[in-house]
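Q: Please take one part of this model and look at it closely for someone who has not seen it before. I would like a single connected description.

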Amino acid sequence: MLLLIPGPVTTRPEVRQAMTRDIAPWDNDFRHFFTRLRSRVLKLAGGVEGQHATLPLQGCGHFIAEAALRTFLPPGGRILIPATGAYADRMIRLAREAGRVPVPLPMGLTDATDPQAVARALEADPTLTHVAMVYSETGSGVIHDVQAVGAEVRKAGRRMIIDAVSAFGAFPLDLAAQPEVDAAVFTTNKCLEALPGVAFAVARIDRLLDCAGNAGSWSLDLSNVYDHALRSGWGSFRFTPPAQILAALDVALDYHDAEGQTARLARYTANMRIFYDGVRDLGLTPWLPASRQGPVIVNVHAPADPAWNLQAFVDALKPRGVLISNFYNTPSPTFRVGCIGAITPDDMAGAVHAMDQALREIGIKNREAVQT
Ligand SMILES: *Cc1c(COP(=O)(O)O)cnc(C)c1O
């Protein structure tokens, strides 16, 4: 089955195979393993030993994003968040419900974040200590330039948090070159092509020391995760970890090393192109223009045919070996298809073919985009 949902993603059998053992997380074998895994992740993020720390949290992307917001912003702290789409909205909600003050920067959903607009917003409001941004906006499929925005944040003397959940592993991240970044956050189960269950922040140690006591939550306090590592060792995971997920991640990172970030990005880009052109050839309309389309996720306009029903389409695809999401992430109805995971352009061509058949099966004659 191709999981094009997009995250969790299709994984290699060798990665899943790593999960078949019982593991004692306080055993020295695990400690050695996890110390090494932390360094591997740090290196992938372009972090510097002694300046940055890899901080794990059991759970998902929302948890680590909330943990970063709580840790690096004090209660009532104000943070600018470019309103890039559904995942920026999630960060806005996480910040608000944690008692921080998110200030959305309005922008077009199909636009890339304008670094100058961020610079102007920071200049106009000196109470904004931080900017949080989504690197790969999974809602729209647009990739945002965290390096260019970061340069403006740095110039303005403010701090930054990067949601790299659907970018990390495929897009470049060089935290050594971005000292304005308090933390970049991501999970095991998107472009790293491992299983879901662990989230990471790669964070600046000097800022973790400044921010002890901010979080107002023991579970989501990254300063405390850091403190735990200092007291109990870098091989120790605070509270019980899903150790099998970490074992699978280690194997997934071997494949990542072998492929390399640049080649992974090229493969995802090839996946996206085959799919994007393929659905256009079927008479469907991608939601983004080709010039804005990123390689992680493609939204496709729902066909205008009255027989259209997303769940029926999803159900007709499944026996053909393709699984996609059964919800919309865009203001107008679309279906979304992930191009990431252990999949190839041939798999994407197969998915396009399956979609053609599924559309026929559910009785779609008019494939033109629904007018909104
Ligand atoms: C998937 C995703 C998240 C949330 O991840 P969960 O693991 O579902 O909590 C956050 N941000 C982005 C950009 C994502 O793609």
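A: The lining of the largest cavity divides into 3 nonpolar, 3 polar and 2 charged residues, where Ala, Val, Leu, Ile, Met, Phe, Trp, Tyr, Cys and Pro count as nonpolar, Asp, Glu, Lys and Arg as charged, and the others, Gly among them, as polar. The model is predicted, with local features needing pLDDT of at least 70 and side-chain atom pairs pLDDT 80 or more, while totals for chains, interfaces and linings use all residues. Residues are numbered from 1 along each chain as its sequence is written, and side-chain values use heavy atoms, without hydrogens and water.

A cavity is a set of points, on a 1 Å grid over the protein atoms alone, where a 1.4 Å probe fits but cannot get out, and its lining residues have an atom within 4 Å of a point. Grid points are joined across faces, edges and corners, and a volume is the space filled by probe spheres set on the points. The count comes to 1 cavity of 30 Å³ or more, and the largest cavity holds about 30 Å³ of space. Its lining is formed by Tyr87, Val134, Ser136, Thr138, Asp163, Val165, Ser166 and Lys190.

The residues surrounding the ligand (a heavy atom within 4 Å of it) are Cys60, Gly61, His62, Tyr87, Val134, Ser136, Thr138, Asp163, Val165, Ser166 and Lys190. Of this shell, 4 residues are nonpolar, 5 polar and 2 charged. Among the polar contacts (N or O atoms within 3.5 Å of each other), a side-chain N or O atom of aspartate 163 is 2.7 Å from a nitrogen atom of the ligand, and a polar side-chain atom of lysine 190 lies 2.7 Å from a ligand oxygen atom.

How values were computed: A polar contact is a pair of N or O atoms within 3.5 Å; within protein, one must be able to donate a hydrogen and the other to accept it, and residues adjacent in sequence count only if both atoms are side-chain atoms. On a 1 Å grid over the protein atoms alone, a cavity is a set of points where a 1.4 Å probe fits but cannot get out, and a pocket is an open set with protein on both sides within 12 Å along at least five of seven lines; lining residues have an atom within 4 Å of a point.
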